[in-house]
Amino acid sequence: MRLFDAHCHLQDPRIAAAAPALIRAATASGVGRFAVNGTSEKDWHLVKQMAQEHPAVIPCFGLHPWWVPERSPDWMDSLRQFFSETPEAAVGEVEVFQRQLELAKELEKPVSVHCVRTFGDLLEILKRTGPFPAGVLLHSYLGSAEMVPGLANLGCYFSLSGFLTGMKSTKAKKMLKAIPLDRILLETDAPDAVPKLDNVSLVTVLKYVASLLEMPEAELAEASYRNATKLFSYPGPKVHPEAETV
């Protein structure tokens, strides 16, 4: 069984020193890829370095809304430079939102979006700015089942983390069953998405989602790995679909 962690922050100061050991342990449990998301100008170089040191790491650069007030006047030029020097990177942690969406379209990169209770607004922005042929990753998705079809039609993938365990199980089950199987991703959001469950890992998330979907864990793992491989197979990638086939 193989897994793809579609969104995490292994460069975070809380776990950066332990990242090599975490990668080794996760790899031993079946995790073959890690999409590591930078959040500000201060950590993009750390993500780039981690990707150079670990072949399994896919770098993602972007500006998180928390760090928007601290951005430099030339933040967009700096972001472009990182993409120029790191063609395997994706666009992550989207805010100063509109400009980064437009950059993702221009560079033909998938884009990671964390939306919290504003899915109606997000849908309208994506409709206005899209389409997004390279795909949109809805990081740690906790929206309603009713929002799924409209978002899926715009090219969105739904990435599920341990935060899902905080949603009422009946609501979570209805939402999960609305997501097409070819649009489901799994993530840890390490070190932030700590489920209510013990032994936090991508396997923990897999087991919980599979139980709600009432499907075999191996089937869900393979589907989510295949979906993430497709999403991250953009021009200049580390991920090559033909090499990922088993």
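A salt bridge is taken here as a side-chain nitrogen of Lys or Arg within 4 Å of a carboxyl oxygen of Asp or Glu, and the structure holds 10 of them. The model is predicted, so local features need pLDDT of at least 70 and side-chain atom pairs count only at pLDDT 80 or more, whereas totals for chains, interfaces and linings use all residues. Residues are numbered from 1 along each chain as its sequence is written, and side-chain values use heavy atoms, with hydrogens and water left out.

| Pair | N to O distance |
|---|---|
| Arg-80 and Glu-106 | 2.9 Å |
| Lys-174 and Glu-146 | 3.1 Å |
| Glu-214 and Lys-173 | 3.3 Å |

Through shared partners, salt bridges join Lys-173, Lys-177 and Glu-214 into one network. Helices (H or I, at least four residues) and strands (E, at least two) are DSSP runs, numbered from the N terminus. With buried meaning under 20% relative accessible area, exposed over 50% and partly exposed in between (1.4 Å probe, protein chains only), Glu-214 is exposed at 58%, while Lys-173 is partly exposed at 28%.

Helix H4 (residues 97-107) has Phe-97, Gln-100, Leu-101, Leu-103 and Ala-104 as its buried residues. Because these cover an arc of only 160 degrees around the axis, they lie on the same side of H4, the arc being that of the directions from the helix axis to the C-beta atoms. After H4 comes Glu-108, which has a positive phi near 55 degrees.

The largest pocket holds about 530 Å³ of space. A pocket is, on a 1 Å grid over the protein atoms alone, an open set of points where a 1.4 Å probe fits, with protein on both sides within 12 Å along at least five of seven lines, and lining residues have an atom within 4 Å of a point. Its volume is the space filled by probe spheres set on the points, which are joined across faces, edges and corners. Of the 25 residues lining this pocket, His-9, Gln-11, Asp-12, Thr-39 and Asp-43 are the closest to its centre. Helix H2 (44-53) gives the most to this lining, with four residues.
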